[in-house]
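This report looks at side-chain contacts. Keep the sequence and the model in view while reading.

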Amino acid sequence: MRRQQPLLVKRVPAEDQQLSQPSGVFVERPQSATATKGKDITFVAKVDSSNMAKKPTMKWVKGKWLDLGSKAGKHVQFKEVYDRNTKIYTYEMSIIKVVDGDAGGYRCEVTAKDKSDSCTFEVSVEAAAGEQQDNILEAFKRSGDAGEDAGELDFSALLKKREKKQKVVEEVEVDVFVILKDAKPCDYERIAFEYGITDLRGLLKRLKKMKKVEPKKSDAFLRKLDAAYSVDKGKKIHLSVEVADPNIPVRWLKNGQEIKPSAKYVFESVGNKRTLTINKCNQSDDAAYECVVGEEKSFTEVFVKEPPVTITKPLDDAHTVAGQKVEFEVEVSEEGANVKWMKDGVELNKETAGSRYRFKKDGKRHILIVNEATKDDIGTYHALTNGGESKAELEVEDKELEVLQSIADLTVKAAEQAVFKCEVSDENATGKWLKDGVEVQPSDRVKITHFGRTHKLMIDDVAPSDAGDYSFVPDGYALSLSAKLNFLEIKIAYVPREDPPKIHLDASGRGSDNTITVVAGNKLSLDVEITGEPAPTVCWRKGNQVVSEGEGRVRVESNKSLSSFIIEGAERGDEGLYSISVTNPAGEDTAELTVKIVDVPNPPENVRCTSVGEYSGTITWDPPAFDGGVPIKGYLMERRKVGSPRWTKLNFDVHESTTYEAKRMIEGVLYEMRVFTVNGVGVSQPSATSQPFMPIAPTGEPTRLTVDDVTDTTCALKWRPPEKIGAGGIDGYIIEYCKEGSDQWAQANEEPVGKNQYRVKGLPLGERMLFRVTAVNIAGRSPPATLSQAVTIREVVENPKIRVPRHLRSKLIARVGEKVNLVLPFQGKPRPVATWSKDGVLLEDKTVGTRTSDVDAILFIRSAERTHSGKYTLSVRVEDTLDSADLHIQVVEKPGPPVAVRVADVWGTNAALEWKPPKDDGNCEIIGYTVQKADMKTKDWFTVVEHNRRPGCTVSDLVMGNEYLFRVFSENICGLSVVPGISENTAVVTKTGLSHHRPPFKEMDVNCPPKFTAPLMDRSVVAGYSTAISCAVRGCPKPKITWMKNNMIIGEDPKFMMQNNQGVLTLSIRKPGAFDGGKYSCRAVNDLGEDAVECKLEVHVVQEKGAETKK
């Protein structure tokens, strides 16, 4: 292995130090510089944020702790610039009019969510050339340039000036690795700053490798903690060490603070192994940990990894018109996660979006709101997390303003009122009225109104100067409505004669056949001018029915020269032919007009999906039953995902056909459609929602199509599913066949089959046939899989062959009453003829059933009897070829009892028994006997011998003076016999002279010196909370116990309570204070010796929040 070379650093003055090349997140680092007193100086740092999840934070520090951000003002100024193209942040710190106090060491620190870096630089201050200080009071001044009271007092100019001596600095080579290896981790930053090391992180990595190469042996640890551990957020982690002394206590520290056992931190001690378990890790557990044994420590770091945030509900495409609000909504896997929004690759945030975009968070939902969308907002929007991204398209179309009623030319007389009226589709549309190109200003005589979709210009007391061309121009639209006002000057001459009545119908708004069209629900007001002298009588009729005057929804209002026909809230029943007649003594006049009521049409009917593609679906519907009285212009379509409340418009221009192909859909997602009807009046209500449909593509072709079997009229095929199935799955398979050389394919199955095999029947014998299989789903049929060669329909003769299963090749043993079901597979073509026989005779037993199929034969017995035992033979024959197989069945049951059981001899405490084997062995071998005895006094049976192979045995250890009876069970593979064989006679054990010599009793010596079996353990407690320390001791005679604090005997102090419970010694300390800490010991003494144990007690005083604030 190559030896690690030491890093040599030359000790040079701070102003001569040179920084290393940029590393980490810095693109450019601030450099050390010499500033001229009274001049400005600027330091620049650049940071690359392309790989950062959020904006970095820059901190400027002077010395070790002084944060310059709190000193920002006229003397110290900061600037931040962000370049969107390179994603580089530029940070500048400027010192205005440098003073001597600005000299020293500086540090800039950049931090992000997952990255951090820092660098140091020096600032030295030199006097300006030719500067003289004649007046000492001039040196006693304040820093800054805001006058007398600005800045801080600067005494640096009063210091004695000395000429700089040119010192020869000896270059001393220092091995920094040696210094760092012997230093504490808290001193690493100081050492790096002292020796001019800028890449401290890289230096520590090399130091870590050196420590691995040359590990330091530990007296307290057999195995230390690893250098670092990594754990996922929410999981648990085990930190374990092995100590040399299994009885030594250990302490665990987190960031220098001792850890107490709890549900989160679990301590385990097994032998030499000590384990700290941290449950449910979170970001607060990302820290440095130490295991302390005596004076030695083992260090490690725990890194907690957060799981990536994934997108659970993606963005949906949006289609809108200009001026509308648009919302993009995405749902992520965790609450509080950061979501980055981008438009066409440019990040959107609160600083750059302004009032155009708004950002909203609701739990796991993140919403981007586009206020009043315009053409500039068209593009691709992205939502990014650290675990995924989603995108959606926004399309914006311009508004179109539709003219529902245009203004008409007017001819009026002097002092009359002229009213120009128009109606547009947008209620919010505003506009201007012009006369001969000049805007009309409202006055007492000229009034301009806007109510809903109607705009009116009313001119009272018309004068000849009011005649001209009038127009209405809507704001924001390239549209203009024009009409002409004609002034009619009438000269009245008195003629003493009568004028016949005359009806003057206004032609505006009516067709050539005097037809007036009214939208349902609107008001019709038809003003008809009547002339005649004297004033004529007016009568309105609908058919033969006279229209009432002055009341009702349909009514007539009349004055001297005007008759108004009014319909409030027009309905379809108001359609028809109306007539008006006027009469006076000079004559009469009549006129007819037709009222036509139009309305929005009914919605389309029977909306359905007729076909689907991989990313599209074709929708068809029937025209509405009622077209509203005007021709249908077309249809509007909307779609949505099943379960979503938001509908998406598919077209803004009406679609004239009743079939529409919806595109840009996602395969495998369920959609619903609805359709609106559009006519000249407006848009209908939406149709009923279509049945859900899913854009899918047909599957791939089936694979591995092969012939499984061929007979004289059938052919069995089998295949594998397609390699590409898609979201629509497979509904089944269609099998087709045709003769070789023909292209007329016939379908073999009416309904698709779900299995991957099928037998085609009814095929002609001897013909060569081709077969193909097609997969079917909702999208249609897949490409077919076709056999490469034709198949001849003719059965192949195959010799019979019986395949006996392995477990039937030996004798089959069954118990009486059990079921027997044997299956023997065989093969052969054509179908073999199978026969069964038992012991060479054709099987005719009705209790034994047989069944034969094309591929196997079955022998079954519902309840086995011993008569069913024997050799069964299966024979299968194909034409003149025969094959057979033998099965041996043995039906067994429990044996009978042994016979002729008797006591053959009795001697001492022993008895000899004899018997003969049972007459019925249960149709199998006897494998042993079980012998039991019973005292004639109690008649309780006890087993004395089991699995005895011989028909006789000797029973020992009988009680003298008792009489015994014996019984014997026979045993085979089914178990013990139901009834035992009982001995014909009994065994009487007579008493004889016996004597017992008891050995003398020797008393045990239990005296022993004191010995502590459980030591005192070190404790760390909080002041004010009572505590106790305990240990255990044994010794005989009972030892005297003495408690001591710092080697001083604890007397009858009421603060301490000493207890001794069966050798468990406890010292309770009531509400300890800081002075109660120290070394506690316990000593036990008796006549045979003494023993002692000790521990350390640390008392922590918790300061109140008020006291900490004062400090």
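## Salt bridges

A salt bridge is a side-chain nitrogen of Lys or Arg within 4 Å of a carboxyl oxygen of Asp or Glu. Side chains of opposite charge can pair when their charged atoms come close. This is a predicted model, in which local features need pLDDT of at least 70 and side-chain atom pairs count only at pLDDT 80 or more, while totals for chains, interfaces and linings use all residues. Residues are numbered from 1 along each chain as its sequence is written, and side-chain values use heavy atoms, with hydrogens and water left out.

The structure holds 43 salt bridges. One of them joins Asp 466 and Arg 445, with 2.6 Å from N to O.

How exposed are the two partners? Here buried means under 20% relative accessible area, exposed means over 50%, and partly exposed is in between (1.4 Å probe, protein chains only). Asp 466 has a relative accessible area of 7%, so Asp 466 is buried. Arg 445, at 30%, is partly exposed.

## Asp 1076 and its two lysines

Asp 1076 forms a salt bridge with Lys 1045, and the closest N and O atoms are 4.0 Å apart. This pair links distant parts of the chain: Lys 1045 is in strand β86 (residues 1040-1045), and Asp 1076 is in the loop between β89 (1064-1069) and β90, 31 residues apart. Both Lys 1045 and Asp 1076 are buried.

Asp 1076 also meets Lys 1055 in a salt bridge, at 3.5 Å from N to O. Lys 1055 is in the loop between β87 (1048-1049) and β88, 21 residues from Asp 1076. Asp 1076 counts as buried because its relative accessibility is 2%. Lys 1055 has a relative accessible area of 21%, so Lys 1055 is partly exposed.

Elsewhere, salt bridges that share partners join Lys 313, Glu 329, Asp 362 and Arg 365 into one network.

## Aromatic pairs

Rings of Phe, Tyr and Trp (its six-membered ring) pair if their centres lie within 6.5 Å; planes under 30 degrees apart count as stacked, over 60 as edge-to-face and the rest as tilted. A search of the whole structure finds 15 aromatic pairs. One of them is the tilted pair of Trp 433 and Phe 472, with 5.0 Å centre to centre and 50 degrees between the planes. Trp 433 is in strand β35 (residues 431-435) and Phe 472 in strand β39 (residues 468-474), 39 residues apart. Trp 433 and Phe 472 are both buried.

Phe 1056 and Tyr 1080 form a tilted pair, at 6.4 Å centre to centre and 50 degrees between the planes. Phe 1056 belongs to strand β88 (residues 1056-1061) and Tyr 1080 to strand β90 (residues 1078-1086), 24 residues apart. Phe 1056 is buried, with a relative accessible area of 11%, and Tyr 1080 is buried at 0%. Ring pairs also link Phe 43, Trp 60, Tyr 106 and Phe 121 into a cluster.

## Charges over rings

A charge sits over a ring if NZ of Lys or CZ of Arg is within 6 Å of the ring centre and within 35 degrees of the ring normal. Arg 772 lies over the face of Trp 745, 4.3 Å from the ring centre. The charged end of Arg 967 sits over the ring of Trp 941, at 4.3 Å from its centre.

Terms used. Helix = DSSP H or I, 4+ residues; strand = E, 2+ residues; numbered from the N terminus.
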